[in-house]
Every structure is written in structure tokens, then in C-alpha cells.
Amino acid sequence: MDNDGIELSDEEEITAQTVLRTLQNAWQNERLAPEILPHQNDMVECMLGQIQHMERNINKLPKTDFRASIHKMELNRIKFIICNYLKTRLYKIEKYCISILNDEKQRLESGTNYLTHSEYKYAQEYLLNMENHLKTTALNQVPGNMQTFDLNKLVIYPNLQSHVFLKANETVTGIVLEDLSGDQDEEIDLEEGSQHILQYKPIADLVKNGKVQLV
Amino acid sequence: MFGEKVIELLKEAERNRDTIDQYNDEKVRQIIEEMHVLFKMNMADANATTENKSLWTTVQVRHSALERNKRCLLAYLYSRMNKIKTLRWEFGSVLPPDVRELLSDSEYEWFSKYSTNLASYMRSLGQDIGYSGIDLTENLRPPKSLYIEVLCLTDYGKLELEDGDVILLKKNSRHFLPTSECQTLIRQGILKQIM
């Protein structure tokens with residue numbers, strides 16, 4: 001996607017083009033990774049600001065101007081990316097609600113939270129609603145010792161053992177691949193620009209710090 | 001045999017994966033009843049078994065049946081919840097009456113809560129920079145082109161576009177409209193996209 005639509009440069013060091021690129025990468029990673037990734041709220045908000053600005057610019061152009069429709073199309077695409085990115089996160093939050101909330105509680109203490117404030121609130125509310133619904137419909141009517149709402153039994157974990165396609169952004173050495181069947185762990189290096197199919201778990205941290213890109 | 005009804009319930013939910021069926025109130029009630037019967041029998045036997053250990057196996061089996069019933073019942077409700085979520089994304093916060101009838105009262109309450117929660121999340125998006133929120137239920141599909149040709153299926157009346165133009169949507173009239181403005185109307189079945 002070309003971003004000829006973004007003409008203004010920021011006061012900050014970062015350009016609109018970089019923001020879009022980061023956002024696209026984040027979106028791609030989020031769609032392909034089995035677990036939830038750290039949020040990119042700054043990028044989303046920055047992009048939203050840009051969109052607002054551009055919309056104002058477009059409205060200044062006469063309606064028949066050919067440029068206007070091209071820029072509008074571009075804007076729609078960017079909006080779609082943002083919406084889809086946020087929606088993918090919501091989907092994961094809903095599906096892995098319990099496990100995410102458990103992990104997030106620990107991460108909040110160390111200040112490395114993955115969810116934004118509103119996402120966290122959403123997750124809590126979602127779980128509460130689910131609990132209430134299950135209780136009123138079923139649990140409160142079944143015999144006494146069956147009534148417990150046992151979170152540990154309902155929890156769904158993302159499958160970190162699933163395989164992903166990835167491309168190395170920079171050279172990474174010494175990734176340990178565990179051998180589940182035996183005890184012979186394998187160690188591999190990723191060359192810059194090379195592509196691989198690997199299990200998600202050993203490279204999870206590399207995805208989060210941007211050293212590899214899921215494709 | 002124990003746990004047979006609950007399997008019927010799950011099979012029923014499994015049969016139509018993409019659509020939602022009528023909430024099976026009757027069967028859920030029967031299952032809960034079965035659980036009560038099992039529980040009473042177990043209580044009676046458990047009290048009697050302190051000296052007589054021959055009943056322990058029976059109690060164990062009944063307990064497993066209870067656990068199984070509970071688990072399957074929750075699975076049924078959970079899979080329905082997932083389907084109801086899809087409804088929220090497709091229809092918005094107001095359900096058409098025929099769909100509304102398929103849900104139990106408690107499910108409907110859950111739906112409204114889910115809907116409120118989702119709405120307040122969407123409103124909070126971009127609030128720091130003066131945005132009034134983003135509707136994530138728009139833009140469900142990647143935009144292919146800026147304008148699409150649509151056929152109007154009902155007499156809808158006037159529609160004001162973003163740029164201020166007002167068009168009249170009459171039955172069987174054809175329009176060439178911005179994609180972003182028709183999405184909701186298409187999903188509501190007022191417009192239909194013509195290839």
C-alpha cells in the first residue's frame with residue numbers, strides 16, 4: 001500500500017509513513033500470533049490523528065477532484081487496518097479471557113501490560129457478564145456441590161505450540177528449539193531476511209521486540 | 001442412562017454451527033432435574049456408606065455423571081454465547097424480533113450487557129486525542145472500491161450522505177454510493193450489492 005495520502009510531517013521525529021508501517025506490522029503479527037501481543041496504542045492514536053487531519057484536507061478539495069477520491073480510498077484502507085487490528089485483539093481477549101486476565105494481573109504489577117486500559121476493563125466486564133449468565137442459567141439451579149464457578153476448569157489457553165511463518169528482520173543467534181519427544185534440544189540461528197517455519201513458543205519474545213516479523 | 005439428554009443437547013447445537021437455534025428450555029430443565037435426582041441418590045448412599053463400602057463405586061459413577069452433565073451444560077451455553085456475539089456484530093445493538101425469540105431471557109440480558117460493554121469500549125477508542133470513538137462493526141470487509149452499485153429492496157425513505165447530499169431510497173431503485181455508507185444498510189437487508 002502506498003501512502004501518498006499522508007503529506008504532512010510530524011513535529012515528532014517519526015513520520016506518518018513509519019507509523020503506518022509499524023501499524024501494518026503490528027496488525028500482521030497480531031493476526032498470525034496465537035497469543036495476544038503488547039498493544040500499540042500510541043501508534044493507533046497517532047494514526048487516528050492523521051486520519052482526522054487528512055479528512056479535513058480532503059474536504060477542502062472540490063468534490064470532483066480526482067485526488068479526493070484516491071485519498072479517500074487510501075483512508076478507508078487505513079481505517080480498515082485499524083479496525084481489524086483492534087477487532088483481532090478483542091477476539092483474542094474474549095476467547096482467552098481468563099488466561100489473559102491472569103497473566104495481565106502479574107504484568108500490571110511490573111508495568112509491562114499488554115492490554116490498554118479500556119481493553120483491560122472490557123476483559124473484566126466480559127468475564128463478569130459470562131459468570132453471571134452461567135450462574136443464573138445453570139449453576140444456581142444445579143445441586144449444591146456442583147454450583148461452583150470454577151475458573152480453572154473453564155480457562156482456554158492459546159496454543160503456543162502452533163507453527164508460524166516468519167521472516168527475520170535482523171540476525172538472531174542461538175534460538176533453542178525444545179525437543180518434546182526426546183531430550184535433544186536444537187539450537188538454530190536466523191539470518192537477516194531469511195524465512196522460516198517454526199513453533200511459536202521459542203520465538204514469541206522475538207516477535208514482541210520486533211526482531212522477527214510473522215508472515 | 002445418565003447424561004444422555006445432555007449429549008442430545010450438544011448434538012443439536014453442533015448440527016447448525018453457523019446459525020442459532022431456539023434455546024432448548026425444556027431439555028435444560030430435564031438435565032438439571034436429572035442432576036438433582038442423581039445428587040439425592042448420592043447423598044442417601046453416601047450417608048449409608050460409612051460402614052458399607054460396597055456402594056462407593058456407585059457413588060463415584062453418579063458423581064462423574066454429575067460432573068459430566070455440568071460440563072456439557074456449560075459447553076452448550078458457552079457455544080450459544082459465541083453465536084450471540086456474532087449476532088451483535090451482524091445486527092448491531094437491536095435484534096430483529098424473530099432472532100430475539102430464539103434467545104432465552106437470561107441470554108437476552110447477556111446480549112444487552114455484552115452490547116453495552118462493547119459500545120463503551122468502542123466509545124473509549126481514541127478519546128485521548130478528541131475522537132468520539134470508532135465503530136468497529138463497520139469495515140468488516142476490506143474495502144475493494146470506493147463506490148459500489150446497490151439495489152434498494154424496500155422503501156426506506158431519505159438518506160443523507162456524509163457530504164450532505166440527500167438521496168431517496170425507493171424499492172427497486174439503483175444507486176451508486178460510497179461503500180462506507182452502505183455497509184450497515186446492506187447488512188440490515190435494505191440495500192443489496194449488485195456485482
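Reader: Is B:Lys5 buried or exposed?
Author: B:Lys5 is buried, because 20 other C-beta atoms lie within 10 Å. By definition, a residue is buried at 20 or more other C-beta atoms within 10 Å of its own, exposed at 12 or fewer, and partly exposed in between, with C-beta atoms placed from the backbone.

Reader: What kind of model is this, and how is it numbered?
Author: This is a predicted model, in which local features need pLDDT of at least 70 and side-chain atom pairs count only at pLDDT 80 or more, while totals for chains, interfaces and linings use all residues. Residues are numbered from 1 along each chain as its sequence is written, and chains are lettered from A and ligands numbered from 1 in the order in which they are written.

Reader: Back to B:Lys5. Which element is it found in?
Author: B:Lys5 is in helix H1 of chain B. Helices (H or I, at least four residues) and strands (E, at least two) are DSSP runs, numbered from the N terminus.

Reader: What is B:Lys5 in contact with, sequence neighbours aside?
Author: Leaving aside neighbours within four places in sequence, B:Lys5 contacts B:Lys27, B:Gln30, B:Ile31 and B:Glu34. Contact is defined as C-beta atoms, placed from the backbone, within 7 Å. B:Lys5 and B:Ile31 are 26 residues apart in sequence, and their C-alpha atoms are 6.5 Å apart.

Reader: And B:Ile31, what does it touch?
Author: Not counting residues up to four places away in sequence, B:Ile31 touches B:Lys5, B:Val6, B:Leu9, B:Asn69 and B:Leu73.

Reader: Which residues of the largest nonpolar core touch the most other members?
Author: That core has 31 residues, and A:Ile93, A:Cys97, A:Ile100, A:Ala123, B:Ile31 and B:Leu73 touch the most other members. A nonpolar core is a set of buried Ala, Val, Leu, Ile, Met, Phe, Trp, Tyr and Cys residues joined through C-beta atoms within 7 Å.

Reader: Which helices supply at least two residues of this core?
Author: From chain A, helix H4 (97-110) and helix H5 (117-137). From chain B, helix H1 (4-15), helix H2 (25-48), helix H3 (56-91) and helix H5 (105-124). There is also a second, separate core of 18 residues, which includes A:Trp27, A:Cys46, A:Met54 and A:Leu86.

Reader: A:Cys46 and A:Met54. Which residues of H2(A) are buried?
Author: A:Met43, A:Val44, A:Cys46, A:Met47, A:Leu48, A:Gln50, A:Ile51 and A:Met54. These buried residues pack against helix H1 (16-32) and helix H3 (66-95) of chain A.

Reader: How many Å does helix H2 of chain A reach?
Author: Helix H2 (residues 41-60) has 20 residues and reaches 29 Å from first C-alpha to last, close to the 28 Å expected at 1.5 Å a residue. The expected span is 1.5 Å times one less than the number of residues.

Reader: New topic. How many residues of chain A are in contact with chain B?
Author: 29 residues of chain A contact 29 residues of chain B. On the chain A side, H2, H3 and H5 each give two or more residues. That side divides into 13 nonpolar, nine polar and seven charged residues. Here Ala, Val, Leu, Ile, Met, Phe, Trp, Tyr, Cys and Pro count as nonpolar, Asp, Glu, Lys and Arg as charged, and the others, Gly among them, as polar.

Reader: What domains is chain A divided into?
Author: Domain 1 (16-94), domain 2 (98-154) and domain 3 (163-214). The bounds come from an automatic or database domain assignment. The C-alpha centres of domain 1 and domain 3 of chain A are separated by 29 Å. Eight residues of domain 1 contact six residues of domain 3 in chain A. The domain 1 side of that contact has five nonpolar, three polar and no charged residues.

Reader: And which domains does chain B have?
Author: Chain B has domain 1 (4-124) and domain 2 (147-193). Their C-alpha centres lie 41 Å apart.

Reader: What does UniProt place at residues 144-194 of chain B?
Author: An unreviewed UniProt entry gives "domain: DNA replication complex GINS protein PSF1 C-terminal" there. UniProt positions are in the numbering used here, feature names are shortened, and annotations may be inferred rather than shown by experiment. That span is 18% helix and 43% strand, with its end C-alpha atoms 14 Å apart.

Reader: Last one. Where is B:Asn172?
Author: B:Asn172 sits in the loop between strand S3 (166-169) and strand S4 (174-178) of chain B. B:Asn172 has a positive phi of about 65° although it is not a glycine. B:Asn172 counts as exposed, because it has 9 C-beta neighbours inside 10 Å.

Notes: Two residues are in contact if their C-beta atoms, placed from the backbone, lie within 7 Å.
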